[in-house]
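This report describes aromatic pairing, nonpolar cores and pockets. The sequence and the model are shown first.

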Amino acid sequence: MNGIASVVDLRASLADLPTGDDDAAAAIAKRQSRLTKPLGSLGRLEELVAWLGRWQGRGAPRLDDVSVLVFAGNHGVAARGVSAYPASVTAQMVANFEAGGAAINQICKSVGATLRVIPLKLDAPTGDFTQSQAMTEAEFIEAVATGYDAVPASADLLCLGEMGIGNTTSASALAAALLGGGGERWAGRGTGLDDPGMARKREAIDAGLDRHQIHHADPLAACMIFGGRELAAILGATLAARRHRIPVLLDGFVATAAAAPLARLQQGALDHAQVAHCSAEAGHRGLCAELGMRPILDLDMRLGEGSGAALTVSVLRAALACHLGMATFDEAGVDERD
(Lines give C-alpha, C1' and ligand atoms only; values in the text may rest on other atoms or scores of the structure.)
Protein backbone atom coordinates (compact mmCIF):
# COMPACT_ATOMS: atom_id res chain seq x y z
CA MET A 1 0.00 0.00 0.00
CA ASN A 2 1.21 3.52 -0.74
CA GLY A 3 0.15 4.97 2.62
CA ILE A 4 -0.97 8.25 1.02
CA ALA A 5 -4.47 9.11 2.21
CA SER A 6 -4.18 12.90 2.41
CA VAL A 7 -2.07 15.85 1.36
CA VAL A 8 -0.45 15.68 4.81
CA ASP A 9 0.65 12.10 4.06
CA LEU A 10 1.94 13.16 0.66
CA ARG A 11 4.05 15.93 2.15
CA ALA A 12 5.41 13.55 4.79
CA SER A 13 6.42 11.02 2.15
CA LEU A 14 8.90 13.54 0.75
CA ALA A 15 10.79 13.90 4.02
CA ASP A 16 12.96 10.78 3.77
CA LEU A 17 13.46 9.99 0.10
CA PRO A 18 15.92 7.19 -0.72
CA THR A 19 19.26 8.26 -2.13
CA GLY A 20 21.21 6.77 -5.01
CA ASP A 21 24.00 4.21 -4.74
CA ASP A 22 27.33 6.05 -4.85
CA ASP A 23 29.32 2.80 -4.90
CA ALA A 24 27.53 1.59 -8.02
CA ALA A 25 28.16 4.91 -9.76
CA ALA A 26 31.84 4.79 -8.77
CA ALA A 27 32.19 1.27 -10.16
CA ILE A 28 30.71 2.44 -13.46
CA ALA A 29 33.07 5.43 -13.60
CA LYS A 30 36.04 3.14 -12.94
CA ARG A 31 35.11 0.85 -15.82
CA GLN A 32 34.47 3.83 -18.09
CA SER A 33 38.01 5.01 -17.45
CA ARG A 34 39.42 1.69 -18.73
CA LEU A 35 37.37 1.30 -21.94
CA THR A 36 39.03 1.62 -25.34
CA LYS A 37 38.19 5.25 -26.00
CA PRO A 38 39.48 8.64 -24.96
CA LEU A 39 38.31 9.47 -21.45
CA GLY A 40 34.83 11.02 -21.55
CA SER A 41 34.55 10.70 -25.31
CA LEU A 42 31.06 9.19 -25.23
CA GLY A 43 29.90 12.33 -23.46
CA ARG A 44 26.48 12.16 -21.97
CA LEU A 45 26.11 8.45 -22.76
CA GLU A 46 28.61 7.82 -19.98
CA GLU A 47 26.66 10.02 -17.57
CA LEU A 48 23.43 8.20 -18.37
CA VAL A 49 24.91 4.79 -17.61
CA ALA A 50 26.15 6.10 -14.26
CA TRP A 51 22.68 7.53 -13.57
CA LEU A 52 21.04 4.20 -14.34
CA GLY A 53 23.46 2.35 -12.09
CA ARG A 54 23.15 4.84 -9.24
CA TRP A 55 19.39 4.43 -9.04
CA GLN A 56 19.25 0.72 -9.83
CA GLY A 57 22.01 0.12 -7.28
CA ARG A 58 23.98 -1.93 -9.82
CA GLY A 59 27.53 -1.59 -11.04
CA ALA A 60 26.28 -3.29 -14.21
CA PRO A 61 22.91 -1.65 -14.96
CA ARG A 62 20.28 -3.45 -17.01
CA LEU A 63 17.23 -2.63 -19.08
CA ASP A 64 15.49 -5.97 -19.12
CA ASP A 65 12.21 -4.59 -17.74
CA VAL A 66 11.28 -1.20 -19.21
CA SER A 67 7.79 -0.02 -18.27
CA VAL A 68 5.90 2.78 -20.03
CA LEU A 69 2.88 4.18 -18.20
CA VAL A 70 0.52 6.54 -20.02
CA PHE A 71 -2.15 8.19 -17.85
CA ALA A 72 -5.22 9.78 -19.44
CA GLY A 73 -7.60 12.39 -18.04
CA ASN A 74 -10.16 14.96 -19.14
CA HIS A 75 -10.18 18.65 -18.22
CA GLY A 76 -13.04 21.02 -17.54
CA VAL A 77 -11.05 23.94 -18.93
CA ALA A 78 -11.16 22.26 -22.37
CA ALA A 79 -14.72 23.59 -22.73
CA ARG A 80 -13.20 27.07 -23.11
CA GLY A 81 -11.81 26.22 -26.55
CA VAL A 82 -8.18 25.90 -25.44
CA SER A 83 -7.49 22.89 -27.68
CA ALA A 84 -7.79 22.28 -31.40
CA TYR A 85 -9.55 18.98 -30.64
CA PRO A 86 -12.73 18.17 -28.69
CA ALA A 87 -12.53 16.44 -25.30
CA SER A 88 -14.01 13.28 -26.84
CA VAL A 89 -10.64 12.61 -28.45
CA THR A 90 -9.12 11.59 -25.10
CA ALA A 91 -11.22 8.43 -24.84
CA GLN A 92 -10.88 7.78 -28.57
CA MET A 93 -7.10 7.91 -28.32
CA VAL A 94 -7.12 5.63 -25.29
CA ALA A 95 -9.02 3.12 -27.44
CA ASN A 96 -6.42 3.59 -30.16
CA PHE A 97 -3.61 2.89 -27.67
CA GLU A 98 -5.40 -0.24 -26.51
CA ALA A 99 -5.84 -1.37 -30.12
CA GLY A 100 -2.13 -0.82 -30.83
CA GLY A 101 -2.65 1.92 -33.40
CA ALA A 102 -0.82 4.92 -31.93
CA ALA A 103 2.76 6.13 -32.22
CA ILE A 104 3.54 5.06 -28.67
CA ASN A 105 2.62 1.47 -29.50
CA GLN A 106 5.08 1.38 -32.39
CA ILE A 107 7.89 3.03 -30.43
CA CYS A 108 7.44 0.69 -27.46
CA LYS A 109 7.69 -2.31 -29.79
CA SER A 110 10.84 -0.91 -31.39
CA VAL A 111 12.65 -0.38 -28.06
CA GLY A 112 11.42 -3.46 -26.20
CA ALA A 113 9.24 -1.65 -23.65
CA THR A 114 5.98 -2.73 -22.05
CA LEU A 115 3.11 -0.26 -22.41
CA ARG A 116 0.24 0.20 -19.98
CA VAL A 117 -2.45 2.84 -20.53
CA ILE A 118 -4.44 3.99 -17.48
CA PRO A 119 -7.55 6.15 -18.02
CA LEU A 120 -8.70 8.14 -15.00
CA LYS A 121 -12.45 8.79 -14.89
CA LEU A 122 -12.69 10.10 -18.43
CA ASP A 123 -16.45 10.51 -18.01
CA ALA A 124 -15.89 12.99 -15.16
CA PRO A 125 -13.73 15.91 -16.32
CA THR A 126 -11.95 17.98 -13.70
CA GLY A 127 -13.39 21.33 -12.72
CA ASP A 128 -12.73 24.37 -14.90
CA PHE A 129 -9.95 26.10 -12.98
CA THR A 130 -11.10 29.51 -14.16
CA GLN A 131 -14.24 28.98 -12.06
CA SER A 132 -13.21 26.58 -9.28
CA GLN A 133 -10.30 24.34 -8.44
CA ALA A 134 -9.78 21.41 -10.81
CA MET A 135 -9.85 18.73 -8.10
CA THR A 136 -10.88 18.38 -4.49
CA GLU A 137 -8.24 17.02 -2.13
CA ALA A 138 -9.91 13.60 -2.23
CA GLU A 139 -9.90 13.54 -6.05
CA PHE A 140 -6.30 14.68 -6.17
CA ILE A 141 -5.09 12.09 -3.67
CA GLU A 142 -7.04 9.33 -5.43
CA ALA A 143 -5.27 10.18 -8.70
CA VAL A 144 -1.86 10.42 -7.00
CA ALA A 145 -2.44 7.01 -5.40
CA THR A 146 -3.48 5.50 -8.73
CA GLY A 147 -0.21 6.62 -10.26
CA TYR A 148 1.80 5.48 -7.27
CA ASP A 149 0.24 2.01 -7.26
CA ALA A 150 0.67 1.57 -11.03
CA VAL A 151 4.48 1.47 -10.81
CA PRO A 152 5.86 -2.08 -11.01
CA ALA A 153 8.50 -2.43 -8.28
CA SER A 154 10.51 -4.77 -10.52
CA ALA A 155 11.03 -2.26 -13.34
CA ASP A 156 14.56 -1.36 -14.39
CA LEU A 157 13.33 1.89 -15.96
CA LEU A 158 10.03 3.78 -15.88
CA CYS A 159 8.82 6.02 -18.70
CA LEU A 160 5.93 8.38 -17.94
CA GLY A 161 3.53 9.93 -20.45
CA GLU A 162 0.00 11.29 -20.71
CA MET A 163 -3.05 11.85 -22.87
CA GLY A 164 -5.69 14.49 -22.19
CA ILE A 165 -7.29 17.14 -24.35
CA GLY A 166 -6.65 20.46 -22.61
CA ASN A 167 -3.76 19.24 -20.50
CA THR A 168 -1.15 21.61 -21.91
CA THR A 169 -3.36 24.40 -20.57
CA SER A 170 -3.36 22.80 -17.12
CA ALA A 171 0.40 22.19 -17.32
CA SER A 172 1.01 25.81 -18.34
CA ALA A 173 -1.12 27.14 -15.48
CA LEU A 174 0.65 24.85 -13.02
CA ALA A 175 4.08 25.95 -14.27
CA ALA A 176 3.03 29.58 -13.96
CA ALA A 177 1.79 29.07 -10.41
CA LEU A 178 5.04 27.32 -9.42
CA LEU A 179 7.51 29.53 -11.24
CA GLY A 180 5.86 32.84 -12.05
CA GLY A 181 4.67 34.39 -15.27
CA GLY A 182 1.34 33.90 -16.98
CA GLY A 183 -0.23 32.74 -20.20
CA GLU A 184 2.13 34.78 -22.34
CA ARG A 185 5.17 33.00 -20.87
CA TRP A 186 3.88 29.44 -20.66
CA ALA A 187 1.12 28.83 -23.21
CA GLY A 188 1.98 26.96 -26.39
CA ARG A 189 -0.02 25.76 -29.36
CA GLY A 190 -0.56 22.28 -27.93
CA THR A 191 -2.44 20.18 -30.48
CA GLY A 192 -2.13 22.94 -33.09
CA LEU A 193 -4.12 25.96 -31.92
CA ASP A 194 -4.71 28.88 -34.26
CA ASP A 195 -4.21 32.45 -33.07
CA PRO A 196 -7.74 32.91 -31.64
CA GLY A 197 -7.33 29.61 -29.80
CA MET A 198 -4.01 30.80 -28.38
CA ALA A 199 -5.70 33.96 -27.13
CA ARG A 200 -8.38 31.87 -25.39
CA LYS A 201 -5.71 29.63 -23.86
CA ARG A 202 -3.71 32.56 -22.46
CA GLU A 203 -6.88 34.18 -21.13
CA ALA A 204 -7.92 30.97 -19.37
CA ILE A 205 -4.51 30.56 -17.75
CA ASP A 206 -4.44 34.16 -16.57
CA ALA A 207 -8.01 34.00 -15.29
CA GLY A 208 -7.20 30.90 -13.27
CA LEU A 209 -4.03 32.43 -11.87
CA ASP A 210 -5.89 35.58 -10.84
CA ARG A 211 -8.72 33.63 -9.21
CA HIS A 212 -6.43 31.38 -7.15
CA GLN A 213 -3.54 33.74 -6.51
CA ILE A 214 -3.30 33.12 -2.76
CA HIS A 215 -2.54 29.42 -3.32
CA HIS A 216 0.41 29.77 -5.72
CA ALA A 217 3.01 29.38 -2.98
CA ASP A 218 1.90 25.83 -2.13
CA PRO A 219 2.93 23.37 -4.89
CA LEU A 220 0.40 20.73 -3.88
CA ALA A 221 -2.44 23.24 -3.69
CA ALA A 222 -1.42 24.38 -7.17
CA CYS A 223 -1.66 20.76 -8.37
CA MET A 224 -5.21 20.45 -7.06
CA ILE A 225 -6.27 23.80 -8.47
CA PHE A 226 -4.72 23.70 -11.94
CA GLY A 227 -3.76 20.09 -12.62
CA GLY A 228 -5.60 17.11 -13.98
CA ARG A 229 -5.95 13.54 -12.84
CA GLU A 230 -3.27 12.37 -15.27
CA LEU A 231 -0.84 15.01 -13.99
CA ALA A 232 -1.52 13.96 -10.40
CA ALA A 233 -0.98 10.31 -11.37
CA ILE A 234 2.39 11.17 -12.95
CA LEU A 235 3.39 12.91 -9.72
CA GLY A 236 2.42 9.80 -7.77
CA ALA A 237 4.25 7.48 -10.14
CA THR A 238 7.39 9.62 -10.00
CA LEU A 239 7.31 9.46 -6.22
CA ALA A 240 6.74 5.69 -6.21
CA ALA A 241 9.69 5.20 -8.55
CA ARG A 242 11.89 7.10 -6.11
CA ARG A 243 10.69 4.84 -3.29
CA HIS A 244 11.53 1.76 -5.38
CA ARG A 245 14.81 3.31 -6.62
CA ILE A 246 13.71 3.09 -10.25
CA PRO A 247 15.17 5.62 -12.71
CA VAL A 248 12.50 7.63 -14.53
CA LEU A 249 12.22 9.18 -17.97
CA LEU A 250 9.71 12.03 -18.05
CA ASP A 251 8.14 12.70 -21.43
CA GLY A 252 7.56 16.27 -22.61
CA PHE A 253 6.06 19.44 -21.17
CA VAL A 254 3.01 18.00 -19.42
CA ALA A 255 4.91 15.17 -17.70
CA THR A 256 7.68 17.54 -16.61
CA ALA A 257 5.16 20.03 -15.21
CA ALA A 258 3.37 17.20 -13.41
CA ALA A 259 6.56 16.16 -11.60
CA ALA A 260 7.80 19.72 -10.99
CA PRO A 261 5.95 20.19 -7.67
CA LEU A 262 8.10 17.45 -6.13
CA ALA A 263 11.22 19.47 -6.91
CA ARG A 264 9.66 22.60 -5.43
CA LEU A 265 8.77 20.73 -2.25
CA GLN A 266 12.04 18.87 -1.69
CA GLN A 267 15.50 19.58 -3.07
CA GLY A 268 16.79 16.62 -5.06
CA ALA A 269 13.36 14.98 -5.32
CA LEU A 270 13.84 14.52 -9.06
CA ASP A 271 17.45 13.31 -8.98
CA HIS A 272 16.24 9.87 -10.11
CA ALA A 273 14.50 11.40 -13.15
CA GLN A 274 15.66 12.65 -16.53
CA VAL A 275 13.67 14.71 -19.01
CA ALA A 276 13.61 12.48 -22.07
CA HIS A 277 13.26 15.14 -24.74
CA CYS A 278 12.73 18.85 -25.16
CA SER A 279 9.21 19.25 -26.46
CA ALA A 280 8.42 21.78 -29.15
CA GLU A 281 5.68 23.04 -26.78
CA ALA A 282 6.62 26.63 -25.99
CA GLY A 283 7.12 26.40 -22.24
CA HIS A 284 9.09 23.19 -21.98
CA ARG A 285 12.61 24.50 -22.52
CA GLY A 286 12.10 27.19 -19.90
CA LEU A 287 10.59 24.73 -17.45
CA CYS A 288 13.57 22.39 -17.82
CA ALA A 289 15.93 25.31 -17.26
CA GLU A 290 14.06 26.33 -14.11
CA LEU A 291 14.34 22.76 -12.78
CA GLY A 292 18.00 22.42 -13.76
CA MET A 293 17.20 19.42 -15.98
CA ARG A 294 18.75 18.95 -19.43
CA PRO A 295 16.64 16.97 -21.90
CA ILE A 296 18.36 14.02 -23.56
CA LEU A 297 16.82 14.47 -27.04
CA ASP A 298 15.65 17.52 -28.97
CA LEU A 299 13.69 16.40 -32.03
CA ASP A 300 10.87 18.99 -32.24
CA MET A 301 8.38 16.40 -30.95
CA ARG A 302 5.19 17.49 -29.18
CA LEU A 303 2.97 14.43 -29.41
CA GLY A 304 2.84 13.46 -25.76
CA GLU A 305 1.59 9.93 -24.97
CA GLY A 306 5.06 9.03 -23.68
CA SER A 307 6.49 8.98 -27.20
CA GLY A 308 9.67 10.93 -26.48
CA ALA A 309 10.37 9.00 -23.29
CA ALA A 310 9.96 5.65 -25.01
CA LEU A 311 12.15 6.77 -27.91
CA THR A 312 14.89 7.76 -25.46
CA VAL A 313 15.08 4.14 -24.29
CA SER A 314 16.97 3.42 -27.52
CA VAL A 315 19.65 5.91 -26.48
CA LEU A 316 19.96 4.31 -23.05
CA ARG A 317 20.22 0.86 -24.60
CA ALA A 318 23.06 2.06 -26.85
CA ALA A 319 24.83 3.72 -23.91
CA LEU A 320 24.55 0.55 -21.85
CA ALA A 321 25.69 -1.67 -24.73
CA CYS A 322 28.85 0.43 -25.09
CA HIS A 323 29.54 0.33 -21.36
CA LEU A 324 29.06 -3.40 -20.96
CA GLY A 325 30.29 -4.59 -24.36
CA MET A 326 33.39 -2.55 -25.10
CA ALA A 327 36.80 -3.99 -24.31
CA THR A 328 39.16 -2.37 -21.83
CA PHE A 329 42.63 -1.31 -22.93
CA ASP A 330 44.09 -4.40 -21.25
CA GLU A 331 41.59 -6.79 -22.86
CA ALA A 332 42.11 -5.36 -26.34
CA GLY A 333 45.88 -4.96 -26.09
CA VAL A 334 45.58 -1.28 -27.01
CA ASP A 335 48.21 1.16 -25.77
CA GLU A 336 46.98 3.92 -23.53
CA ARG A 337 47.87 7.57 -23.91
CA ASP A 338 51.20 8.69 -22.53
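Is F129 buried or exposed? F129 is buried, with a relative accessible area of 1%; buried denotes under 20% relative accessible area, exposed over 50% and partly exposed the range in between, for a 1.4 Å probe and protein chains only.

## Basis of the values

The model is predicted: local features need pLDDT of at least 70 and side-chain atom pairs count only at pLDDT 80 or more, while totals for chains, interfaces and linings use all residues. Residues are numbered from 1 along each chain as its sequence is written, and side-chain values use heavy atoms, with hydrogens and water left out.

## Aromatic pair

The structure holds 1 aromatic pair, formed by F129 and F226 with an edge-to-face arrangement, 5.4 Å centre to centre and 75° between the planes. (Rings of Phe, Tyr and Trp, the last by its six-membered ring, pair if their centres lie within 6.5 Å; planes under 30 degrees apart count as stacked, over 60 as edge-to-face and the rest as tilted.)

F129 lies in the loop between strand 2 (114-119) and helix 6 (137-150), and F226 in helix 10 (residues 219-226), so the pair ties together parts that are 97 residues apart in sequence. (Helices, H or I with at least four residues, and strands, E with at least two, are DSSP runs numbered from the N terminus.) F226 is also buried, with a relative accessible area of 1%.

## Nonpolar cores

The largest nonpolar core has 73 residues, of which L10, F71, F140, L160 and F226 touch the most other members. (Such a core is a set of buried Ala, Val, Leu, Ile, Met, Phe, Trp, Tyr and Cys residues joined through side-chain atoms within 4.5 Å.) Helix 11 (residues 229-243) gives the largest share of this core, 9 residues. A second, separate core of 38 residues includes V70, I165, A310 and L316.

## Largest pocket

The largest pocket has a volume of about 500 Å³. (On a 1 Å grid over the protein atoms alone, a cavity is a set of points where a 1.4 Å probe fits but cannot get out, and a pocket is an open set with protein on both sides within 12 Å along at least five of seven lines; lining residues have an atom within 4 Å of a point. Grid points are joined across faces, edges and corners, and a volume is the space filled by probe spheres set on the points.)

Of its 30 lining residues, G190, T191, R302, L303 and G304 lie nearest the centre. The largest share of the lining, 3 residues, comes from helix 7.
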